[in-house]
Amino acid sequence: MNVLFTQSTPMKMFCLLVSATLLPIGLTGCSNEAEISSYTTPKPDDVHEENHLAESERPERTAPAATPPAQTEEAAKPARMYAAIVPDGDQNWFYKMTGPVEPVGQIVPQLAEFVSSVTYNEGKPVWTLPEGWQEQPGNQFRYATLVVPVGDATQEFTVSALPASGDISTDVVININRWNGQLGLGEITTSDLEAAGDDATAKLAKTKAGEKTVYSINIVGEQAGGGMGMRPPFAR
């Protein structure tokens with residue numbers, strides 16, 4: 001006797017077994033037909049093809065666009081700058097301090113006096129520092145950095161040198177206009193420079209220090225955050 005196993009309920013399987021047992025004596029069991037289900041299985045080759053697309057058929061993957069870090073701009077703040085230019089042979093010497101308006105203003109006379117006291121030997125400045133001042137080594141843009149007490153803090157008084165162009169008026173005007181721009185001020189002209197007085201603490205001055213001429217500014221404006229911009233050939 002052959003028994004067909006089909007997908008059916010347990011009761012239908014029981015009926016098949018009972019029918020097979022009672023068949024010789026003429027008894028028959030349940031008459032419900034078994035339910036047979038069929039499935040379609042994909043071929044291995046088809047599965048491989050679906051999961052191994054050609055390079056040109058694959059969707060393009062792109063990384064999300066990088067978001068640059070947020071940059072905050074410092075608000076401009078009031079500042080005073082004292083700066084001086086001293087021609088010496090084939091180079092010009094620059095002295096400069098920028099800081100809080102009132103504290104720096106109080107020591108401008110001392111800064112101007114110091115610049116006038118400097119002498120030059122073989123292309124290098126020779127000075128005696130006032131009490132409380134300290135000298136620090138320079139870098140590729142500075143000959144030296146002088147740390148000066150200003151009120152309850154200190155400020156840097158930078159010293160640097162650049163080659164002279166041979167036209168001192170042009171050199172001075174270009175650099176003073178650069179400094180004016182750093183504090184949001186307007187430009188001067190050669191005529192303004194020629195008309196400058198000899199008050200070393202004035203907004204624009206031209207004074208004598210021995211055989212040297214000192215061109216200086218004492219200006220107040222607003223200094224923007226983020227540095228001073230252009231580097232040499234202009235003095236910073």
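This is a predicted model: local features need pLDDT of at least 70, side-chain atom pairs count only at pLDDT 80 or more; totals for chains, interfaces and linings use all residues.
Side chains of opposite charge can pair when their charged atoms come close. A search of the whole structure turns up 2 salt bridges. One of them joins aspartate 88 to lysine 212, with 2.5 Å between the closest N and O atoms. Aspartate 88 is buried, as its relative accessible area is 13%, whereas lysine 212, at 24%, is partly exposed.

Glutamate 156 and arginine 142 form a salt bridge as well, their closest N and O atoms being 3.0 Å apart. Here strand 7 (residues 153–163), which holds glutamate 156, is linked to strand 6 (residues 142–150), which holds arginine 142; the two residues are 14 residues apart. Glutamate 156 is partly exposed, with a relative accessibility of 40%, and arginine 142 is partly exposed at 28%.

Turning to the nonpolar residues, the largest core contains 25 of them, and Tyr82, Tyr95, Met97, Phe114, Val115, Trp127 and Phe157 have the most contacts inside it. At least two core residues come from each of strand 1, strand 2 (91–99), helix 3 (101–117), strand 6 and strand 7. Helix 3 gives the largest share, 7 residues. Leaving aside residues up to four places away in sequence, valine 115 touches Tyr82, Ala84, Val86, Tyr95, Phe157 and Val214.

Methods:
Residues are numbered from 1 along each chain as its sequence is written. Side-chain values use heavy atoms; hydrogens and water are left out. A salt bridge is a side-chain nitrogen of Lys or Arg within 4 Å of a carboxyl oxygen of Asp or Glu. Buried means under 20% relative accessible area, exposed over 50%, partly exposed in between (1.4 Å probe, protein chains only). Helices (H or I, at least four residues) and strands (E, at least two) are DSSP runs, numbered from the N terminus. A nonpolar core is a set of buried Ala, Val, Leu, Ile, Met, Phe, Trp, Tyr and Cys residues joined through side-chain atoms within 4.5 Å. Contact means heavy atoms within 4.5 Å.
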